[in-house]
Amino acid sequence: MTPKDIVKITLNLVVIYVIGGLILAGVYAKTEPVKVRKAYEEKQAALKDMMPEANSVEKLGVWEPHDKEAEYYAAKKDGKTIGYIIETYAKGYSSYINMLVAVNDAFTVEKLNILDQKETPGLGDEVQQPYFQKQFKGKTLAHLVVRKLPTKVDIEAVSGATISSRAVTEDGVKKAVEMIKDKLSSEVKNEQSG
């Protein structure tokens, strides 16, 4: 192989890589805005589903459970706040579990929606099932505790998936309710003292 052949092969490879890079950049430029818009629309639909009786959902702020950016919102009906929706993350057995928690204005859980999880199939991923999530409706902070035995007062763990159950309940939902309650009570104190 002569030096001329080496230069020719090198130039051909460079041209192919540049063309490939330009094609990938073009595809990214076309698809990224669609992806961002779709994610926004899905999040808005999920927020509306959390408190369907609300006329509007307004972003209140951002917090960082497990160093992940999550937002929290006020759900309003006819201008009056009827509850709050908190996005949160919990450290499960094999993944971070992303969820939305809706609470009423008395900080009682109204609804739980698991947005994303990668827990063990057939075990930990059962936290995404309606039978598990329905347990949260009507629970106050005192009752966001996982029990291995059947319970009507607290949250019953998914059989064989106590870590995932505890992550959702105590690391996710309970911390989200505590955060919104603390945040709002400190804002009220600041308004009263100011």
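Analyst: Glu-71 and Lys-43 form a salt bridge, with their closest N and O atoms 2.9 Å apart. A salt bridge here is a side-chain nitrogen of Lys or Arg within 4 Å of a carboxyl oxygen of Asp or Glu. Glu-71 sits in strand β2 (residues 70-77) and Lys-43 in helix α1 (residues 3-50), so the pair ties together parts that are 28 residues apart in sequence. Helices (H or I, at least four residues) and strands (E, at least two) are DSSP runs, numbered from the N terminus.

This is a predicted model: local features need pLDDT of at least 70, side-chain atom pairs count only at pLDDT 80 or more, and totals for chains, interfaces and linings use all residues. Residues are numbered from 1 along each chain as its sequence is written, and side-chain values use heavy atoms, with hydrogens and water left out.

How accessible are the two partners? Glu-71 counts as buried, at 17% relative accessibility. Lys-43 is partly exposed, with a relative accessible area of 25%. Buried means under 20% relative accessible area, exposed means over 50%, and partly exposed lies in between (1.4 Å probe, protein chains only).

Lys-43 has another partner. Its side chain meets that of Glu-87 in a salt bridge, at 3.1 Å from N to O. Glu-87 lies in strand β3 (residues 80-91) and Lys-43 in helix α1, so this pair ties together parts that are 44 residues apart in sequence. Glu-87 is buried, at 6% relative accessibility.

These pairs belong to a wider set. Lys-43, Lys-59, Glu-71 and Glu-87 are linked in a network of salt bridges. Side chains of opposite charge can pair when their charged atoms come close.

The structure holds eleven salt bridges. One of them joins Arg-147 and Asp-154, whose closest N and O atoms are 2.9 Å apart. Arg-147 is partly exposed, at 39% relative accessibility. Asp-154 is buried, with a relative accessible area of 8%.

Last, a serine. Ser-165 is placed in helix α3 (residues 162-193). Ser-165 is buried, with a relative accessible area of 0%. A polar atom of the Ser-165 side chain lies 2.9 Å from the backbone oxygen of Ala-161. Leaving aside residues up to four places away in sequence, Ser-165 touches Val-127, Phe-132, Val-146, Ala-157 and Val-158. Contact means heavy atoms within 4.5 Å.

How values were computed: Polar contact = N/O pair within 3.5 Å; in protein donor to acceptor, adjacent residues only side chain to side chain.
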